Amino acid sequence: MTTVEECSAAEQELPYNVFSRACPSRGTLEHVTGRWGALTLGALYEGSFRFNELRRRVDGVSEKMLSQTLHALERDGLVHREAQPTNPPRVDYELTPLGRAVTERLMSLIHFVEGRMDDVLAARERYDSARASR
């Protein structure tokens with residue numbers, strides 16, 4: 001286990017900085033943490049899906065947005081697209097090893113948020129009540 005100082009020193013030595021506007025890591029972070037990216041990765045964590053299966057699993061995503069999301073995640077090396085030469089064509093999507101490693105961390109956040117929703121809903125109610133009484 002490393003200390004906070006060691007982690008900070010190691011972070012300073014990284015060649016990428018997501019807080020820098022020009023850093024390519026920022027785009028990847030946006031692909032992973034955006035609404036459709038996070039939900040698509042979370043769904044693919046369950047296994048391989050065909051496009052329409054994935055679209056049904058990620059409730060509310062349009063065909064266009066899912067297609068754009070999958071292209072971005074594939075380009076980043078997080079999703080593998082396998083087209084099988086059948087009639088009709090069959091295309092399956094699954095996480096790459098890098099995608100699985102990223103999604104494991106994302107799933108921890110998803111499970112944490114789901115587990116704390118009672119607290120979030122209570123906070124929203126307090127906030128809305130305070131705003132309404134002004």
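**A chat about the predicted model**

Colleague: Hi! What average pLDDT does the chain have?

Modeller: Hello! This is a predicted model, and the chain averages a pLDDT of 91, with 90% of the residues scoring at least 70.

Colleague: Where is confidence lowest, and where is it highest?

Modeller: The lowest mean in the chain, 50, belongs to helix α1, residues 4-13. Helix α5, residues 63-75, has the highest, at 98.

Colleague: And over which residues does pLDDT stay under 50?

Modeller: That would be residues 1-10. For residues 1-10 the model has 1 contact beyond four places in sequence.

Colleague: Okay, new topic. How many residues does the largest nonpolar core have?

Modeller: The largest nonpolar core has 20 residues. Leu41, Leu44, Leu54, Leu70, Val79 and Tyr93 have the most contacts inside it.

Colleague: Which elements each supply at least two residues of this core?

Modeller: They are α3, α4 (51-57), α5 and β3 (90-95). The one that gives the most to this core is α3, with 5 residues. As general background, nonpolar side chains in soluble globular proteins tend to be buried together.

Colleague: Let's pick Leu54. What is Leu54 in contact with, leaving aside its neighbours within four places in sequence?

Modeller: Leu54 is in contact with Thr40, Ala43, Leu44, Phe49, Leu66 and Leu70.

Colleague: Back to α3, then. Why is α3 described as largely enclosed by the rest of the structure?

Modeller: Because 8 of the 10 residues of α3 are buried. The buried ones are Trp36, Gly37, Ala38, Thr40, Leu41, Gly42, Ala43 and Leu44.

Colleague: Nice. Now pockets: what volume does the largest pocket have?

Modeller: The largest pocket has a volume of about 340 Å³. It is lined by 15 residues, and those closest to its centre are Ala38, Leu39, Gly42, Ile110 and Glu114.

Colleague: Where does the largest share of that lining of the largest pocket come from?

Modeller: From α6, which provides 6 residues of the lining. Both α3 (35-44) and α6 (97-115) supply at least two residues each.

Colleague: How many residues of the lining are nonpolar, polar and charged?

Modeller: The lining of the largest pocket has 9 nonpolar residues, 1 polar and 5 charged.

Colleague: Last one, Asp128. Which helix does Asp128 lie in?

Modeller: Asp128 lies in helix α7, residues 117-132. Asp128 is partly exposed, because its relative accessible area of 48% falls between the 20% and 50% cut-offs.

Colleague: What separates the C-alpha atoms of Asp128 and Leu70?

Modeller: Their C-alpha atoms are separated by 37 Å, and Asp128 and Leu70 are 58 residues apart along the chain.

Key. Residues are numbered from 1 along each chain as its sequence is written. This is a predicted model: local features need pLDDT of at least 70, side-chain atom pairs count only at pLDDT 80 or more; totals for chains, interfaces and linings use all residues. Side-chain values use heavy atoms; hydrogens and water are left out. On a 1 Å grid over the protein atoms alone, a cavity is a set of points where a 1.4 Å probe fits but cannot get out, and a pocket is an open set with protein on both sides within 12 Å along at least five of seven lines; lining residues have an atom within 4 Å of a point. Grid points are joined across faces, edges and corners, and a volume is the space filled by probe spheres set on the points. Helices (H or I, at least four residues) and strands (E, at least two) are DSSP runs, numbered from the N terminus. Ala, Val, Leu, Ile, Met, Phe, Trp, Tyr, Cys and Pro count as nonpolar, Asp, Glu, Lys and Arg as charged, and the others, Gly among them, as polar. pLDDT is the predictor's confidence in each residue, from 0 to 100. Contact means heavy atoms within 4.5 Å. A nonpolar core is a set of buried Ala, Val, Leu, Ile, Met, Phe, Trp, Tyr and Cys residues joined through side-chain atoms within 4.5 Å. Buried means under 20% relative accessible area, exposed over 50%, partly exposed in between (1.4 Å probe, protein chains only).
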